[in-house]
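Please find below my notes on the model you sent, arranged as numbered points. I have kept to what can be read from the coordinates.

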Amino acid sequence: MANILIVDDDLSLREVLEIALLKKGHAVWTAPDSATALSVLQKQSIALILLDLRLGRESGIDLLVRIRETWADVPVLMVTAYADAKSAITAMKHGAKDYISKPFELDDLLYTVERTLETARLKEENAWLKGQISRHYGEIIGHSRQMQAVFDLVRRIAPTNISVLLTGESGTGKELFARCIHDESRRRGQPFLAINCGGLPENLVESELFGYRKGAFTGADRNKKGLLEMAEGGTLFLDEVGELAPSTQVRLLRYIQERCFIPLGGTEELRSDVRIIAATNRNVEQCVADGDFREDLYYRLSGVKVHLPPLRERGEDVLDLADHFLDKACRAQKRQLKGFTPEARKKLLAYGYPGNVRELENIVERAVALELGDAVSSQSLVIYEKIAAAEQDGGVHKVLSGQMTLDEYLAEHEHRVIAEALRRCGGHKGRAAEMVGLNFRQFRYRLTKAGEKDEDI
């Protein structure tokens, strides 16, 4: 069903069209002139307009122009008995979707209406899907400003062949982003292979990357292809690249520069076309300064550097991620839970997630396994967070020793809690208020009071 507005000065035609559209299940409004039509548009959400080219002494084109100024996305079908090329061109030029001549077959007009509504529906669905892709890039969820900036950068670099260095703390989703870059590239139909450079001994990393020939070392009883050969035409993801040994760094640098390599124990030079995406949770610039990582390799790997923010810096994504992981865990564990209780949501927002997205997923999986009710409660959210007891005791000592008053102590901690809540919620005051258990008015009062002490909050 769609809301349709008929604008025509001919009462009998309005009634015929209204009856026909009502039989099709649509909701219909009618208007004999521009003023009535604009009044309806201001009060109702209209999906399609049937507009006569002449409304008595008024011009349907003039009304079309006014409609386009405010309701640009609403499709308009022009209906007229004065069918000529000039008026048709003028109507289409001003945004009419189609042009129907009087007299017309009612079935033809209804077909045009349904076709136009379907086109508009598909356009709306495409816009919605783009919005979902924007928030859910591949399997990665995030509508925060920080993640949207990352998504935008990834979309721009994915179709290219430039090397990418993903940086960020453990658990921020670096491998997921690497897969997304591959899936959005021209190499999507080719292999995506990954290796954890910090999880294997030095000699094993080299043999995995470059392969080896029979007799290269004890136990090498056959030839073995390396990942650089197996990923031909595709992408190789080097996780924890900062852990590579110096000798491996040299060999990898040569491959990136020359696009060729020699397997361990071999003599022949092999060529391959592989895009390199690397990731690290270390400060590679500091590693370069300390002499632990080759500067030339760092620059080769970081054609484009993409930093993934920790979850604590994009608190507005926490609940979306939690809902996603809840659905995923319920399907895996064959449970049916109706979301999170308000107390559980508040607890999820209040935590800092040192393990980032991976830790949040583990928390939700554990909660689904432990929950006995029909929704995840705060009791089922087992969160292990270190409390800065020493810091708290230090404040208590200052109060008890007379170094500061109790009011000063409480005001200082109130200010810090408000500032941290705002930071975790990306500056969203409504969510920050919910996080600390205040209504918006109470939170705004405390925010103003804290602002008088510190303009940076």
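1. Basis of the note. This is a predicted model, in which local features need pLDDT of at least 70 and side-chain atom pairs count only at pLDDT 80 or more, whereas totals for chains, interfaces and linings use all residues. Residues are numbered from 1 along each chain as its sequence is written, and side-chain values use heavy atoms, with hydrogens and water left out.

2. The chain as a whole. The protein chain holds 19 helices and 16 strands, these being DSSP runs numbered from the N terminus (H or I of at least four residues for helices, E of at least two for strands). Of its 457 residues, 43% are buried, where buried means under 20% relative accessible area, exposed over 50% and partly exposed in between, with a 1.4 Å probe and protein chains only. Among contacts with a separation of 6 or more, 66% join residues 24 or more positions apart, contact meaning heavy atoms within 4.5 Å.

3. Helix H6. This helix covers residues 145-157, and its 13 residues reach 19 Å from the first C-alpha to the last, close to the 18 Å expected at 1.5 Å a residue; the expected span is 1.5 Å times one less than the number of residues. Its buried residues are Gln 146, Met 147, Val 150, Phe 151, Val 154 and Ile 157. Seen down the axis of H6, these buried residues fall within an arc of 135°, so they line one face of the helix, the arc being that of the directions from the helix axis to the C-beta atoms. Arg 145 and Arg 156, on the other side of H6, are exposed.

4. Helices H2 and H3. The axes of H2 (residues 34-43) and H3 come within 11 Å and cross at roughly 20°, axes being lines fitted to C-alpha atoms over the stretch in contact, with angles from 0 to 180 degrees between N-to-C directions. The two helices are therefore roughly parallel to each other, a term used for angles under 35 degrees. Their crossing is right-handed, that is, the near helix is turned clockwise from the far one by less than a right angle. Ser 34, Ala 37, Leu 38 and Leu 41 in H2 meet Leu 63, Arg 66 and Ile 67 in H3.

5. Leu 63. This residue lies in H3 (residues 60-70) and is buried, with a relative accessible area of 2%. Leaving aside neighbours within four places in sequence, Leu 63 is in contact with Val 7, Ser 34, Ala 37, Leu 38, Leu 51 and Leu 55. For Leu 51, which is twelve residues away along the chain, the separation of C-alpha atoms from Leu 63 is 8.7 Å.

6. Helices H8 and H10. The axes of H8 (residues 202-210) and H10 (residues 246-258) come within 10 Å and cross at roughly 15°, and the pair is therefore roughly parallel. The crossing of H8 and H10 is left-handed, with the near helix turned anticlockwise from the far one by less than a right angle. The residues that meet are Glu 202, Val 205, Glu 206, Leu 209 and Phe 210 in H8 and Ser 247, Thr 248, Arg 251 and Leu 252 in H10.

7. Positive phi values. Glu 240, a residue other than glycine, has a positive phi near 50°; Glu 240 sits in the loop between strand S12 (235-239) and H10 and is partly exposed, with a relative accessible area of 27%. Lys 334 has a positive phi near 55°, lies in the loop between H13 (318-333) and H14 (342-350), and is exposed, with a relative accessible area of 76%.

Note on methods. Angles under 35 degrees count as roughly parallel, over 145 as roughly antiparallel, 65 to 115 as roughly perpendicular and the rest as oblique.
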